[in-house]
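Below is a short report on chain folds, domains and contacts. Please read it alongside the sequence and the 3D view.

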Amino acid sequence: MDLNTKKIKKNAFRVTKVRGQTASRIRVPGGYLPAEHLAAIQEIAEQYGNGSVHLTTRQGFEIPGIDMKNIDAVNKLLQPIIEGLKINQHDPGKGYTSAGTRNIAACIGNNVCPYANYNSTGFAKRIENAVFPHDFHFKIALTGCPNDCIKARMNDFGIIGMTEPQYDAGRCVGCGGCEKACRLKSVDALELDHYKIKRDHVKCVGCGECVLACPTRAFTRSREKYYRLVIMGRTGKKNPRLAEDFIAWADEDSIIKIIKNTYAFVKEHINLGAPGGKEHIGYIIDRTGFEEYKKFALEGVVLSPKAVMNQNVYWSGVHYKLPSYK
Amino acid sequence: MDNLYKPFLSKILKVNPHTDIEYTFRMEYAGEVKPGQFFEVSIPKYGEAPISISGIGDGWVELTIRRVGKVTSELFESSEGKSFFMRGPYGNGFDLDLYKGKQLVVVAGGTGVSPVRGVINHFSRNLGQVDGFSVIVGFRSPEDILFSDDIALWKENKGFTLTVDHASEGYTGSQGMVTKYIPDIQFKDINTAQIVIVGPPRMMTACAGAFIERGVPEENIWISHERRMSCGLGKCGHCRMSHKYVCLDGPVFNYADAKHLVD
Amino acid sequence: MAYKISESALDAIIAGLSAQCAVYAPRLLAGWGTSSDVDIVGYAKIEKGSQIAFDKKSMYSFKEAILPISQTLFYFTEDEMREPRPAFAQAVVFLRGCELHGLSRLDDVYRADGKLDFYYEQLRSNTKFIVIGCEDGFESCFCESMGASGVPACDGYILSRGDGYVLISNFDELTDLVKAEKAEQIDFTPVPAKNTLKVNVPDEIPEEVATSPIWDEYDARCIICGRCNFVCPTCACFTMQDIFYDENVNAGERRRVWASCQIDGYTDIAGGIAFRKTKGERMRFKALHKLKDHKGRYGRNMCVGCGRCDDVCPEYISFSACVGKVAKACKEVGGNG
């Protein structure tokens, strides 16, 4: 069989351990899928695959056991799903245009979760629309609050929802519910003083626990939605690590701009001689230094006065080292 | 319309420290007042605290204050010649007329002595008004004994017992809970004897039980509740027990009613 | 007198009222919910009729308009204490029928035995109350069962209908504004609200119910947050707070804030003593106050069946379900419930 593996991989088909068999990967931005598409997924799995479907770690579907000869046929069946989820595509009917930039993952967000500080799936779709298709290997995830259920800190870009608690002392009875919630469940940024609350904005992570705990609406949410942008988290064999804070109290538009700018940075600095021509952003920054990255990332970005940026970001993570054998 | 929350200034005439944490303040007050009633005493900016009246005299009331919180600590900083803000008196207090001509037994524990101090003082001075007068006063330890000056006077009455729950070796006074001394009381007429019990909730229940066991009718037993009396006007709700506000309907209750009240 | 009025006429009438005094009404407050992007109805000042939320029940009741959550009683300087000016000189409050019944319960407490509460009276006696008519009520409403579904005598009444509004005016300022709109006079008598939820409310609750095991489940279910008290139109408890100002310790204030019998600290007295430690005991204290103890003192049940505590409870504890449990417990202990 003669087959350009680079081409099928870019088309979101995998080279599997079984010769001649592939698997189709379906992206579901934000993990939000109208249930009607499940029927199409079932049809592909039963008609061309082995009848099973794998739920991927990035909230997509992977349909294994597909004969490589059937790639075109599968792409035709994928079309309604691609269109239904409004995935950007160069050639309709030819499947996914690229696969490098991974599915944008998100927690269930404020469509369902009471803790979520924003509609994480909605923002995920906005980012998907802004960055896809692209061959660069970017991992982006969004989470509603600092609980980080989606594990945004293990992505190149992690977006953590924040709200700025609005305090109306006239509605506060000094019950201490917020102070207790903040101390026990979050960062202990509140203090009861003269039966009223003082909030330490430097400590506050904008999680919203105080708002949830308040029985009198003394604490409410800010009209504006804020985000903490954490960057360059990764898994892998060399040096897995959690993403570190870049900007807190950031706005949506700035985040999208920074991510798009990062594509330009990668284009400029990627080492095409790396294995498979792939070099992950984090390793590129390790090579170029953070200052160089920042120059690209902040191009044309106007942060709001509320935003707080780390001028330098330092990562640590795991450096594999076991005691050597005798 | 009167603002019932507005306190008046009352001058401190005398301060009598009993222990490091218990002082009696003699306050200027000319109005009508009964033992068992209380005042809301306050230091503006620090707060109000309900303090029961421990003594009554001509133109003054005595308030025994225990330093246990922010307000009372601040009150302790005051000295003779200075003033407190007060509201009151609140509550029903003890009706001394009810006890006249009958045998009277008073059992008090700890700070519970405060609200009945006026009752004990009155009948100690006017023994002729009652047909027999016994007093059992209990404290946790010899160091916790309050009103030593008064006790010296009360001791002259042979029906007086001072006991401490426990004491270190060498203490020569009576020891044991107040309930231990209830069986020793000689009743002339069990059906008319009046009993006053003031102290912690469990102590009052235990004592009332002991008297009932001896045949005292419930209607002849009087207790005084200590609850969180904050407004003194039956509005703030903190001191409510069933349909009664301790600050308005109490703090003195007849045991026949009190036993139906639920916290 | 009843009038048929249009949306625009109502806007003009409310604008006219709000030019004369403070007008409070249930109003949809954007993003005011605990979770993000949730709008809820709360009490707020309005300037136009269209700001009144007719289709939803308010989360908090009308009471915050006349009984502020946090109210200064005195300002202190070194030697003086001064009462603050009241929040308003005159006000109009739009409220549901259940809430007007609730007002009478607040009156029971704050006007008891002629001992008028100065601060309550300052606002309450200068307020006109206009009832927002409920024909069907909402899912959690059980005002009918509590005998609070009727429309008591009040200063005004408004009902939203498909073709506009019915407005009854019982005070001159409002009548003048209605007449200025040349509103058509109609015959109209308000009808009591109807509920789908029916609750068996015991007439008399024997004291043994206080020790019934029905309260035990709340030990595990309740989180003693106090929301049920704060949304209740009849909860009247408050706590006094004294403070001095950080900037000047010689000045300060005494205030009172709403209190909750469910929250820690409510019964605390000097020496670290508290009287109701378990959540079940606190639920029992609240429930029996609403269904027995207020009645024992003032002759009518405190609870008006508005269902706000059901709607707000994060743990889905339903007070109407609790009433049912109390009724059952009454039978079990041999009462006549």
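## Two domains in chain B

The centres of domain 1 of chain B and domain 2 of chain B, taken over C-alpha atoms, are 22 Å apart. Domain 1 spans 8–90 and domain 2 spans 96–258; these bounds come from an automatic or database domain assignment. Each domain puts 17 residues into the contact. Two residues are in contact if their C-beta atoms, placed from the backbone, lie within 7 Å.

On the side of domain 1 of chain B that touches domain 2 of chain B, at least two residues each come from strand 3 (38–43), strand 4 (47–57), strand 5 (60–66) and strand 6 (83–90) of chain B. Strand 4 of chain B gives the largest share, six residues. By class, this side of domain 1 of chain B holds six nonpolar, seven polar and four charged residues. Ala, Val, Leu, Ile, Met, Phe, Trp, Tyr, Cys and Pro count as nonpolar; Asp, Glu, Lys and Arg are charged; the others, Gly among them, are polar.

## Basis of the model

This is a predicted model: local features need pLDDT of at least 70, side-chain atom pairs count only at pLDDT 80 or more, and totals for chains, interfaces and linings use all residues. Residues are numbered from 1 along each chain as its sequence is written, while chains are lettered from A and ligands numbered from 1 in the order in which they are written.

## Fold of chain C

Chain C has ten helices and twelve strands. Helices (H or I, at least four residues) and strands (E, at least two) are DSSP runs, numbered from the N terminus. The radius of gyration of chain C, over C-alpha atoms, is 21 Å; the globule rule gives 20 Å for 337 residues, so chain C is as compact as a globular protein of that length. That rule is 2.2 Å times the number of residues to the power 0.38.

Along the principal axes, the C-alpha atoms of chain C fill a box of roughly 65 × 60 × 45 Å. Of the contacts in chain C with a separation of 6 or more, 74% join residues 24 or more positions apart.

## Contacts between chains

Two pairs of chains are in contact, and chains B and C share the most contacts. Chain C supplies 37 residues and chain B supplies 28. Strand 11 of chain C brings the largest share of the chain C side, six residues. That side of chain C has 21 nonpolar, five polar and eleven charged residues.

No contact joins chain A and chain B; their closest C-alpha atoms lie 10 Å apart.
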